[in-house]
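Here is a short report on one protein. It starts with the whole chain and ends with a single residue.

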Amino acid sequence: MGLFSGVCRLVPLLVVVLACARPQPSTLLLTNIRLLDGTGAPARAASVRIAGDTIAAVGELTRERSDSVIDGEGLTLAPGFVDTHSHADRALGSHPDALAAVSQGITTVIGGQDGGSPYPLAPFLDSLERHPAAVNLAMYAGHATLRMQLLGDAFRRPASSRELDSMKVLLRHELGAGALGLSTGLEYEEAHSADPAEVLALAQVAADSGGRYISHIRSEDRGFWPAIEELLTIGRTTGMPVQLSHAKLAMRRLWGHADSLIHRLDAARAQGIDVTLDVYPYLYWQSTLRVLFPEGNYRDLREARFVLDQVAPAEGLLLGRFDPDPSYVGKTVAQIARLRHDDPAVTLVALIRESEGKSESVIGTSMVEPDLERLLAWPFGNICTDGELAGRHPRGYGSFPRVLGRYVRERRLIPLEEMIRKLSSLAAHNVGLTRRGEVRPGWYADLVLFDPATIVDHATPTEPRALSTGIARTWVNGVEVYRAGGPSGARPGRVLRRTRSS
Ligand SMILES: [Zn+2]
């Protein structure tokens, strides 16, 4: 074996080494953009450099050798949006591309809402870390979830003091796993019987850990004002931030009272209560038929008549799922009543009886536009979807482009830079995220590139998964996850755990 053969063997190796040594673009330079940095400042021309998962520089930047360049073609770059009330959490395993979210520019979703979270949180979060999704996820610990561990089927009563003590232990455990705080869904049957003292005692545990509180309040209709006071009492007593989930005035006699709500919240803030809200831009919600009867009196015909008269008219109750008879899906309670030659109230009671132990969901219209606009514009309120990754309500795919297209561009409700602040930095602040929600050096490179002149939603109740237009590209932790029309396939999302200092 001579020297020659040794060299021959070395040559391919040398080529590989040289190829590796040649400087590869390791940073990303986004140029030719209008920057909305998330603070509420007006748009300005700027470039943004991304290094790894971080924003390295913002301003008038010249290309460096390490940069690969993306021409933003004059579009607007903003911080990735934070969805503070999402039902994506459990579905991220089966829909890791999170298309519903990233196609709206959402880069972080906040789960564990309405009092429900996977239990225990630690293995759920660990598993998502092993099999990441395209978006970041942070979680609340759900009150109803803790209740069910202790009370099981006997949830229609307040917890005993011994049960409450045990729930506190479980909650501390969930907070230790990184939950942002405690979420409640006090209008739902699993939690409606919890007395205010039970909720307050658990909220105090969250506060003691430096956490926060987020609530689908005890009533969005009949008992609305006392439910608001319960939320404010928790904020006042514990001193921690409290957030009103998917704010709505969902009853005929509340219509036109958004001003009263905003005045009450402003007054509370003036007294030092850190209260905020989130809201989604639709007049109709999605839930179950049973939520219309928070006292559990599903067979009470008088109550059914009251529901249809005051809370949600039969023409506005559209079934999204009805396992006992799937042919009812897409029909309203009014239409089904005509099919059955029955009175709408009788039909409503019958539908609930028939769906016992089976699945049903309904989209209900019970708000008016002026109230919604007032809530969308409140400076301390951020925007959420309340949506699913593959749900039947269009909010899952359409909420954020809808506020930017219909409410900012068409109706000029508030300036674009202010709405972007509400979608990004305010939202991050309202759930306690750090280093996300602004385009700022040293912060995470969660970004969205969009066209303010064309952005708009297309999802509807009959086509709930129609993609919006106007979102050009979305990056999560510096990695592109969406480019107009489809997901990139990358899964750079992280689990964001609360640390005591945040
Ligand atoms: Zn809810």
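How much accessible surface does the protein have, and what share belongs to carbon and sulfur atoms? The surface comes to about 20,000 Å², with 54% belonging to carbon and sulfur atoms. Areas come from the Shrake-Rupley method with a 1.4 Å probe.

This is a predicted model: local features need pLDDT of at least 70, side-chain atom pairs count only at pLDDT 80 or more, and totals for chains, interfaces and linings use all residues. Residues are numbered from 1 along each chain as its sequence is written, and side-chain values use heavy atoms, leaving out hydrogens and water.

## Overall fold

The protein has 16 helices and 21 strands. These are DSSP runs: H or I of at least four residues for helices, E of at least two for strands. The C-alpha trace spans about 95 × 50 × 50 Å along its principal axes.

Buried residues (under 20% relative accessible area, 1.4 Å probe, protein chains only) make up 57% of the 502 residues. Contact means heavy atoms within 4.5 Å. Among contacts between residues at least 6 apart in sequence, 76% join residues at least 24 apart.

## Ala 484

Where is Ala 484? Ala 484 sits in the loop between strand E20 (479–483) and strand E21 (486–487). Its relative accessible area is 57%, so Ala 484 is exposed; the cut-off for exposed is over 50%.

Leaving aside neighbours within four places in sequence, Ala 484 is in contact with Ile 471 and Ala 472. Thr 276 is 208 residues away along the chain, and the two C-alpha atoms of Ala 484 and Thr 276 are separated by 33 Å.
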